[in-house]
Amino acid sequence: MQVIKQYVEQNKERLLSELFDLLRFPSVSADPKYVESVLQTADFVAQKLRDAGADNVEVCTTAGYPIVYGEKIIDPKLPTVLTYGHYDVQPPDPLELWKTPPFEPTVRDGKIYARGACDDKGQFYMHVKAFELMMQTNTLPCNIKFMIEGEEEVGSSNLSIFVKANTSRLKADVVLISDTSMISMENPSLETGLRGLSYLEVEVVGPNRDLHSGVYGGAVANPATILAKMIASMHDEDNHIAIPGFYDDVIELTEAERSELNAAPYNEEEYKTDLDVKELWGEKGYTTFERTGTRPTLEVNGIWGGYIGEGAKTVLPSKANAKISMRLVPNQSSDKITELFTKHFEKIAPPYVKVKVTPHHGGEPVVTPTDSIAYKAAQKAIEESFGKKPIPTRGGGSIPIVALFEEVLGIKTVLMGFGLDSDALHSPNEKYDIFNYYKGIETIPLFHKHYAELSK
């Protein structure tokens, strides 16, 4: 541990400067106007892997954005860790809510503010630098492979094709991912599961053009009003999702599992203060931890229709749209849920509008084993680094490829994230604590050390 700390301390300014260089690339995979920046980011990541000591580094082309691969095989007889991350980021909008430019990293109060600071540039780059550390100190105890993609934020549609076509190259014993969060640095945790995802867009169409709201209002259905009513009807008075069959495959937690989950430190007043809300909202009968980690949800991610420019324009819009995501829990299927939603949305549409549902992407929920060698190695690494055992938690987010790795490569995943729920992922003013960044670089080599030792 002393060697690790010494290396980080001696190189801390460079380690931070390199991350800043990475964060300056506006690698937004969802918006075609950023295509050149996304490709430049892939090249940057590849070069940093080479600089760190990786062999066979390649920017692998796909039908979309490339996947960066690299490896270091020190002994084929030793276990192999496949590190996954993503270099693409969410769109920065709305720009006016950022206190500083999203692609010019800024430090305030020991925190790095930039799009992708935590999700996932800051976190995957810890692995690149931890690998460099192990190479420079001659302490790499096992084989390591890297697979860093550029389409995670848009569903990883080309990753499955790549994985299926490269099973030999990607052969490993475990996948290690840092794209999740901890409860806090004072209460380190390890996520033992992730929710799945069904993401789609809906459209409600009324008249064949925008109408004068004075001439036609009250005589023709307003698609924006109808859409709002349809969406509102999807939760009942207890905030359960009101789509028939939605909960059919949900496996309820046992009382013991609920007790263990809710034993994690939680202060509701601090939670509300951080979000600046007076009260919390959610499915009746469940705690915040349960609602955000072990229960399925349906959320509106965006809604629009009619005139939204400056000033006033009295129109009855021709159509209205919304983007909706549903987070899924173990045993639910993203394809089945998408189908249930589509049929329900079409069924509840009144006859005076036409509706259309367009699926975008999805992923399956996963639960990672807590009795595996890899999980125990992560426990030991965090305990050695933080001085206390990590608390097992369930993550509310989705990393669709975790289920893919298990299905195609036949290996489990360890979710060892160093972010915080308060890091404003997908929001303006995304941040990542500098302490967390360095702590990750210190902890990751310990995982490799313990994993190699426990695998003997």
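Helix 11 (residues 373-386) and helix 13 pack with their axes 8 Å apart and at an angle of about 135°, where axes are lines fitted to C-alpha atoms, for helices over the stretch in contact, and angles run from 0 to 180 degrees between N-to-C directions. Helices (H or I, at least four residues) and strands (E, at least two) are DSSP runs, numbered from the N terminus. The structure is a predicted model, in which local features need pLDDT of at least 70 and side-chain atom pairs count only at pLDDT 80 or more, while totals for chains, interfaces and linings use all residues. Residues are numbered from 1 along each chain as its sequence is written, and side-chain values use heavy atoms, with hydrogens and water left out.

Helix 11 and helix 13 are therefore oblique to each other, given that angles under 35 degrees count as roughly parallel, over 145 as roughly antiparallel, 65 to 115 as roughly perpendicular and the rest as oblique. The crossing of helix 11 with helix 13 is right-handed; a crossing is left-handed if the near helix is turned anticlockwise from the far one by less than a right angle, and right-handed if clockwise. Among the residues that meet here are I373, A377 and F386 in helix 11, and T443, F447 and L454 in helix 13, contact meaning heavy atoms within 4.5 Å. The residues of this contact of helix 11 with helix 13 divide into 11 nonpolar, 3 polar and 5 charged. In this division Ala, Val, Leu, Ile, Met, Phe, Trp, Tyr, Cys and Pro count as nonpolar, Asp, Glu, Lys and Arg as charged, and the others, Gly among them, as polar.

Helix 13 (residues 434-454) also meets helix 3 (residues 121-136), their axes coming within 8 Å and crossing at roughly 55°. Helix 3 and helix 13 are therefore oblique to each other, and helix 3 passes helix 13 in a right-handed crossing. The contact includes G122, Y125 and L133 from helix 3, and Y437, I444 and H448 from helix 13. By class, this contact of helix 3 with helix 13 has 9 nonpolar, 5 polar and 1 charged residues.

E18 lies in helix 1 (residues 2-23) and K129 in helix 3, so the pair ties together parts that are 111 residues apart in sequence. With a salt bridge defined as a side-chain nitrogen of Lys or Arg within 4 Å of a carboxyl oxygen of Asp or Glu, the count comes to 26 salt bridges.

Turning to the strands, an open sheet of 4 strands has the order 12-14-10-15, with antiparallel pairing; two strands pair if DSSP finds at least two bridges between them. Strand 12 (297-305) and strand 15 (354-363) stand at the edges, each with a single partner strand, so one side of each is left without a neighbour in the sheet. Neighbouring strands of this sheet are turned by 15° against each other on average, direction ignored. Helix 6 (residues 223-232) lies across strand 10, strand 12, strand 14 and strand 15, and runs at about 15° to strand 14. Helix 10 (residues 334-348) packs on the sheet as well, touching strand 10, strand 12, strand 14 and strand 15, with its direction making about 20° with that of strand 10.

Another open sheet, of 3 strands, has the order 4-5-20, also with antiparallel pairing. Strand 4 (106-108) and strand 20 (431-433) stand at its edges, each with a single partner strand, so one side of each is left without a neighbour in the sheet. The twist in this sheet averages 30° from one strand to the next. Elsewhere, a hairpin joins strand 1 to strand 2 through 6 residues.

| Strand pair | Bridges joining the pair |
|---|---|
| Strand 1 (residues 55-60) and strand 2 (residues 67-72) | 4 bridges |
| Strand 5 (residues 111-113) and strand 20 | 3 bridges |
| Strand 10 (residues 196-205) and strand 14 (residues 319-328) | 10 bridges |

Within these pairs, C60 has I67 of strand 2 as its bridge partner, K111 has D433 of strand 20, and E203 has N321 of strand 14.

Some backbone details remain. Most residues other than glycine have a negative phi, and most peptide bonds are trans. D109, although not a glycine, has a positive phi of about 55° and is placed in the loop between strand 4 and strand 5. A cis peptide bond joins D93 and P94, with omega about 0°, and P94 is found in the loop between strand 3 (80-86) and strand 4. The peptide bond from D119 to D120 is cis, with omega near 0°, and D120 lies in the loop between strand 5 and helix 3.
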